[in-house]
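Student: I'm new to this structure and would like a guided tour. Could we go through it together, piece by piece?

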Amino acid sequence: MAKYNKLTQVVAEELQAIVGKQRFSAGDSIKPDYAHDEMPIYGKVLPEAVCLAESTEEIAAIMKVCSREKIPVTVRGAGTGLVGGCVPVCGGIVLSTEKMNRILEYDMRNLCVRIQPGVLLCDLAADALAHGVMYPPDPGEKTATVGGNVSTNAGGMRAVKYGVTRDYVLAMTVVLPSGEVIQLGKSVCKTSSGYNLLHLMIGSEGTLGIITELTLKLIPKPEKDVTLMLPFHDIATAIAAVPSIKLANLDPQSIEFAERDVIDSSAEFTGNHIFPTVVNGKEAGAYILVTLVGNSEQELVPKMDRLGKIAEQTGAYDTLVIWTDTLKKDVWAARSAFLTVIEAQSKLLDEMDVVVPVDKIAPFLVFVHEQADQYGVYIKSFGHAGDGNLHIYCCSNDLEEDEFKKRVKKLMDASYAKCAEFGGQVSGEHAIGHAKKQYLRESVGETVYGLMTQIKTVFDPDAILNPGKVCHDLEGGAESC
Amino acid sequence: MLKILCCIKQVPDVNLVKIDPETGSLIRQGVPSILNPLDTNALEAAVSVKEQLGGEVTCITMGPDMAEEALRECLAAGADHAVLLSDRAFANADTLATSYVICSAARQLGQFDLIFCGKESLDGATGQMASQLAERFDASLLSGVLNICDICEEQKTVLAERELENGIEKTEATLPCLITVEKTNFHPRIPNLKSWKNSRTAEILRFNSHTIPELDPSQIGDPGSPTKVPRTYPPEVGESGLILQEGSPEKDVDRLFSLLKDVL
């Protein structure tokens, strides 16, 4: 028996009255993008209606209707997720925050900013810098919404120094599935005040409540930064240098790695050849990028010297200095294009976003490459060497989709088991959605998974918020919706 | 040993420049200055020639004191010497006056075999400097060079491939020769730590209007510039297009016809 109700004409009209005709679509008028995120292999399901909300009050009113009618609600930001998190697997409505994109207020005395959840990360980052401050979280997908970043606890390149999105959320307004509006957190830096529901909400992927406003912590903008590029013979040698870099008291902002084939693909696709492929007469097979920040050139130079010595000791072919704005722009543009390039050059694509201890990065990549050879797919990878967060893409240009899925399932089963053996996590920043549920369950075990499902039930007894995601199981599969 | 000159310019990062809608002038305040991107390709070509055949590369620019930073960038990327021509009397120079000052100063440094220039600057984008400098240096000119195939110091010739509208031309020219390069094959390099550190403290040779011998005051700065810019204004931007995403090609076409019908 169906657990949820279908959207009737009467209810559709009620929802349309809340947001207005211009911000409501149903049936055939729904744009196809609302059926999927950036990893379409995890399925495309069109909702029955899309509501583009503009305020907390509208979202509260929508939730009152959907709660009363038991209609599933899937919240969506910019749709840049990679685990099917915003796919409305049970139909119902997609509630988009894309119109809630205003930066509301800076509080410079307390170094924080109040925003709506649909503000894009790139817009917040640029606006903060224009105000002389920095919003440190820096996930690779700059056109994601900050609300989406909070819902997945996205990390990004600067996590080594500054931490992840969670560390910058001070307070939020949340609409519960019932339509009730609550405030979580305060604009202060410490709390020892009962269970921390703010942090429960962060990373909950729209399954517990709907974030409608955020207060985020800012920091003073560093005056100077420099990125040093260390080319190595291969990925194993490159990764082996990371512990020495971390121990050198450099306080790096980021430590990134990239393998040569991704660099070649990026250069071919974008025409940006900024990564040197031959360094001092030797072919580079992998690269480490280290970004240092400080208040002056004088402060940075001794750190650059120390890193140069480590590079020599660990077998880097050279230490290259990315100092000018032009070089920085070119290098980081190439780095930011990796996923776009992989997507453009692969007909079929699946991904892993595991985190392993830093000393296990190289053996894990070797294992995945062996698996890929065995199953006849190819691997492209890059990621955050400083924190062990790897973005591994399984790709094929010649397999049929069903065959690809079968093979990648076997590869993933083995790889996530290896990740667990190495003491790793299923996801570092892309989250669980409905694509990685099985691996989450295997990773945390039945007791923890059971606690998660009970928490979900406390917040959302009718399971109308983003059903089928994270730890919510649809008995009988999506057909039972 | 080849003596190579590379002419560079520091320009505002035009991506970040705005134009005052009332006065029409460029708002340069707070806009970072960068080494002209196409000059980085010219420098790479110059340094590559030096690495293959020996010699030394001197970078030269005319500009305010802060242009020193662009010269240090060139030193980091492989130039051996840097020369800054800076004087208030040089201000408001057009390409004619600039090429006069650069050539007059460069003559103090000896006879150059090769002179490299970027194709054009990001800000003015006249593309006139190369031909003017070639004339003043009495050098042959190879523009739009894709590859430098051969340089014969004995015969004093350079053989290069040039990009034309309808193909590639292989041309030989005599030294001294001024070369402008296409960016395709001359990707700027990232300096290494040693080179970068040296560049931060390296000496930069400076000239002003008094230290360049026999400089004619009527040919420099504003008096020496026949080009006058009466007005600068942003290009008119047309209305942005409409992307039809109605859910299917059939619906897109229906919507398109409906829009056309409204217009007609």
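Student: Let's begin with chain B. In what order do the strands of its nine-stranded open sheet run?

Tutor: Keep in mind that this is a predicted model. The sheet in chain B is open, and its nine strands pair in a mixed way. Going across, the order is S11-S10-S9-S12-S8-S1-S6-S7-S13.

Student: Which strands are the edge strands?

Tutor: Look for strands that pair on one side only.

Student: Which residue of S12(B) does Leu142(B) stand opposite?

Tutor: Start with strand S9 (residues 140–152) of chain B, which pairs with S12(B) in the parallel sense over four bridges. Leu142(B) has its opposite number in S12(B), and that residue is Ile179(B).

Student: And which strands of the sheet does H3(B) touch?

Tutor: H3(B) packs on the sheet, and its direction makes about 140° with that of S6(B). The strands of chain B it touches are S1, S6, S7 and S13.

Student: Which residue in S12(B) stands opposite Phe116(B)?

Tutor: S8(B) is also joined to strand S12 (residues 177–181) of chain B, by four bridges and again in parallel. Follow Phe116(B) across to S12(B) and you reach Ile179(B).

Student: Which residues of strand S8 (residues 114–117) of chain B are buried on each side?

Tutor: In a regular strand, side chains alternate between the two faces of the sheet. For S8(B), both faces are covered. One side has Leu114(B) and Phe116(B), and the other has Ile115(B) and Cys117(B).

Student: Now the helices. How many residues of helix H2 (residues 68–76) of chain B are buried?

Tutor: The buried ones are Ala70(B), Leu71(B), Arg72(B), Glu73(B), Cys74(B), Leu75(B) and Ala76(B). What covers them includes strand S2 (10–12), S5, helix H1 (37–53), strand S6 (55–62), strand S7 (81–85) and H5 of chain B. H2(B) is largely enclosed by the rest of the structure, because the buried count out of its nine residues is seven.

Student: Which residue just after H2(B) takes a positive phi?

Tutor: Step past the end of H2(B) and look for a phi of about 120°. The residue is Gly78(B).

Student: Are H3(B) and H4(B) parallel or oblique to each other?

Tutor: The axes of helix H3 (residues 95–106) and helix H4 (residues 129–137) of chain B come within 9 Å and cross at roughly 45°. H3(B) passes H4(B) in a right-handed crossing. An angle under 35 degrees would count as roughly parallel. The two helices are therefore oblique.

Student: How do the residues of that contact between H3(B) and H4(B) divide?

Tutor: H3(B) brings residues including Leu96(B), Tyr100(B) and Ile102(B), and these face a group in H4(B) that includes Met129(B), Leu133(B) and Phe137(B). Sorted by kind, the contact residues are seven nonpolar, four polar and one charged.

Student: Over in chain A, are H13(A) and H14(A) roughly parallel or roughly antiparallel?

Tutor: The axes of helix H13 (residues 361–375) and helix H14 (residues 401–421) of chain A come within 10 Å and cross at roughly 160°. Anything over 145 degrees falls in the class we need. That makes H13(A) and H14(A) roughly antiparallel.

Student: Last one: which elements of chain B give two or more residues to the side that touches chain A?

Tutor: On this side, 15 residues of chain B are in contact with 20 residues of chain A. The chain B residues divide into eight nonpolar, four polar and three charged. The elements you want are strand S5 (33–35) and helix H5 (193–201) of chain B.

Methods
Residues are numbered from 1 along each chain as its sequence is written. Chains are lettered from A and ligands numbered from 1 in the order in which they are written. This is a predicted model: local features need pLDDT of at least 70, side-chain atom pairs count only at pLDDT 80 or more; totals for chains, interfaces and linings use all residues. Axes are lines fitted to C-alpha atoms, for helices over the stretch in contact, and angles run from 0 to 180 degrees between N-to-C directions. Angles under 35 degrees count as roughly parallel, over 145 as roughly antiparallel, 65 to 115 as roughly perpendicular and the rest as oblique. A crossing is left-handed if the near helix is turned anticlockwise from the far one by less than a right angle, and right-handed if clockwise. Two residues are in contact if their C-beta atoms, placed from the backbone, lie within 7 Å. Ala, Val, Leu, Ile, Met, Phe, Trp, Tyr, Cys and Pro count as nonpolar, Asp, Glu, Lys and Arg as charged, and the others, Gly among them, as polar. A residue is buried if 20 or more other C-beta atoms lie within 10 Å of its own, exposed if 12 or fewer, and partly exposed in between; C-beta atoms are placed from the backbone. Two strands pair if DSSP finds at least two bridges between them.
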